[in-house]
Amino acid sequence: MLTRPSLLLRTEEAILLLLTLFVYQHLHYSWLLFAILFLTPDLFMLGYLANVRIGSAIYNFAHTYITPGILLAIAYLAVKPQLFPLALIWTAHIGFDRLLGFGLKYPTNFKDTHLQHI
């Protein structure tokens with residue numbers, strides 16, 4: 001497995017997804033909220049309506065762990081606990097996407113990702 005990066009990356013994403021779901025459940029957040037917001041980060045693909053370069057930048061902004069990480073930091077530092085479930089849902093979405101092979105986009109084509117060509 002250690003010589004198969006694609007399998008290794010997907011395994012990491014599966015573990016992160018499961019950990020995120022565990023923490024979400026452990027903190028007793030709303031599963032209805034989870035269901036409603038889980039696919040929300042995919043709305044960032046609307047940037048592709050402008051062009052591929054802008055679309056990939058906007059999509060990647062919403063699909064890197066940096067963005068929900070910043071939201072977690074804001075939630076903690078600003079004492080805004082209502083932001084924690086949003087950051088966990090966002091993180092779960094990214095993990096799920098990458099588990100399925102949907103990676104960050106190159107500015108060449110929507111189907112060109114850092115994990116594979118879809």
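The following legends describe close-up views of a predicted model. Local features require pLDDT of at least 70 and side-chain atom pairs count only at pLDDT 80 or more, whereas totals for chains, interfaces and linings use all residues. Residues are numbered from 1 along each chain as its sequence is written, and side-chain values use heavy atoms, with hydrogens and water left out.

**View A. A nonpolar surface patch comprises Phe-22, Val-23 and Leu-27.** Together these residues have about 270 Å² of accessible area (Shrake-Rupley method, 1.4 Å probe, only the protein chains shown counting as cover). Patch residues have over 30% relative accessible area and no salt bridge, and nonpolar side chains are joined within 5 Å; a salt bridge is a Lys or Arg side-chain nitrogen within 4 Å of an Asp or Glu carboxyl oxygen. Phe-22 belongs to helix α1, residues 5-26 (helices are DSSP runs of H or I, at least four residues, numbered from the N terminus). Phe-22 is classed as exposed because its relative accessibility is 54% (exposed, over 50%; buried, under 20%; partly exposed in between; 1.4 Å probe, protein chains only).

**View B. His-28 has a positive phi near 60 degrees.** This non-glycine residue sits in the loop between α1 and α2 (31-37). His-28 is exposed, at 67% relative accessibility.

**View C. Val-79 has a positive phi near 50 degrees.** Val-79 is placed in the loop that lies between α4 (66-77) and α5 (84-99). With a relative accessible area of 64%, Val-79 is exposed.

**View D. Thr-91 is a buried residue of helix α5.** Its relative accessible area is 12%. Leaving aside residues up to four places away in sequence, Thr-91 touches Leu-16, Thr-20, Tyr-65 and Pro-68 (contact, heavy atoms within 4.5 Å).

Conventions:
Patch = residues over 30% accessible without salt bridge, like charges linked within 9 Å, V, L, I, M, F, W, Y side chains within 5 Å. Helix = DSSP H or I, 4+ residues; strand = E, 2+ residues; numbered from the N terminus.
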